[in-house]
Amino acid sequence: MRNLNKTKLAKIINRTTLAVLTVAACHTGLAVAENYSGLAKEIEIVKGIVDTSLKQQQRSEGIRYRSLEAMYLAGQGVVFTVSSTGNGNWMSRITDIVDRIPPIPPVPDVPAIVSNGEIDIELSREWEAFADETASRFGEAFAESTEQMYDLRSEEREIAWERRDIERRKRDLEFEAGQADKARAKAIKDEVKTLEKELAALSSKEGSLRARRESIEQQRQESADARKQAQLKAAKAFLSNFEAGIGEALCRFGGGMRALPDDEHVTFVLKGFVQGGQSGQNDKVYVFKKSKIEDCVKEKLNTDGLLNSANVYDF
């Protein structure tokens, strides 16, 4: 009887323990869900602030800020993904092969529709006509540049063929002169002189064509160098404004992410910003410690100090 009571007591204790653990687990799950929900709201608020800051910092020309996405990685922190336009886009690739772009028709106004805080562009028939004409002019410019080089090389090939023919005739005449009488030898000598004048004229024409071709190639190289320098300048200006924008936003409002654990990070990823990577384009990554952001919020650290504390790399 005593053993039976012990057995029943053990079962009761086990059931009670299981019930307590189950309730505790449920409460823990609810707490985690509530924490993530609170963190999500805080991230969304900070995202809106960063978005506004980046829009205010950008210039009207060159590379432009386009959009911002945010997500949370448990145990790591918040990741903001930034997209830009104007760096390595189709326009840059086309201008790398077109030497001179003809005048572009006047750009019509673009109607914008604002919906849920996002801007959608509606292309009218006028815009479609503009796009068609612009594309046509790019094609014409490329065709003209290619045709010029083709014509020059074609002329050089014709001159080379004509030179070979004249040199062959000259060799034949010189061989004949060794067996000809005086009268024929004199005539051959005059013919050889005429051929030599033709060869000299061809050499002069070859030099002129070569100079024209080298001039076009030099213009292409200078144009490519100028575009490269302009792109580097645009990238530098964009990065300067981008860093100023995120630095100011984090130092003023970064403390709003209170639910973010103290040992985690806030990361910004500039998508496809760096040219020349293994895949053609790499991301530029900025990783900030939450503790450093809080120091800047409390004015223990200025914006430059916060930016200098970041782990920055290309990937």
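**Close-up views of a predicted model**

C251 is buried, with a relative accessible area of 10%; buried means under 20%, exposed over 50% and partly exposed in between, using a 1.4 Å probe and protein chains only. This is a predicted model, in which local features need pLDDT of at least 70 and side-chain atom pairs count only at pLDDT 80 or more, while totals for chains, interfaces and linings use all residues. Residues are numbered from 1 along each chain as its sequence is written, and side-chain values use heavy atoms, with hydrogens and water left out.

**View A. The disulfide of C251 and C296**

A disulfide is a covalent bond between the sulfur atoms of two cysteines. Here, a pair of cysteine sulfur atoms within 2.5 Å counts as one. The structure holds one disulfide, and the sulfur atoms of C251 and C296 are 1.8 Å apart. C251 lies in helix α4 (residues 182–253) and C296 in helix α5 (residues 290–297), so the link ties together parts that are 45 residues apart in sequence. Helices (H or I, at least four residues) and strands (E, at least two) are DSSP runs, numbered from the N terminus. The link of C251 and C296 is right-handed, with 90 degrees about the S-S bond. C296 is buried too, with a relative accessible area of 5%.

Look along α5 and you will find K290, I293 and C296 buried. Just after α5, E299 takes a positive phi of about 65 degrees.

**View C. A hairpin of β1 and β2**

Strand β1 (residues 64–73) and strand β2 (residues 77–85) run antiparallel, joined by nine bridges. Two strands pair if DSSP finds at least two bridges between them.

**View D. The lining of the largest cavity**

Which residues line the largest cavity? They are G254, M257, L260, V266, K290, I293 and E294. α5 gives the most to this lining, with three residues.

Definitions and conventions: 1 Å grid on protein atoms, 1.4 Å probe; cavity = no way out; pocket = protein on both sides within 12 Å on 5 of 7 lines; lining within 4 Å.
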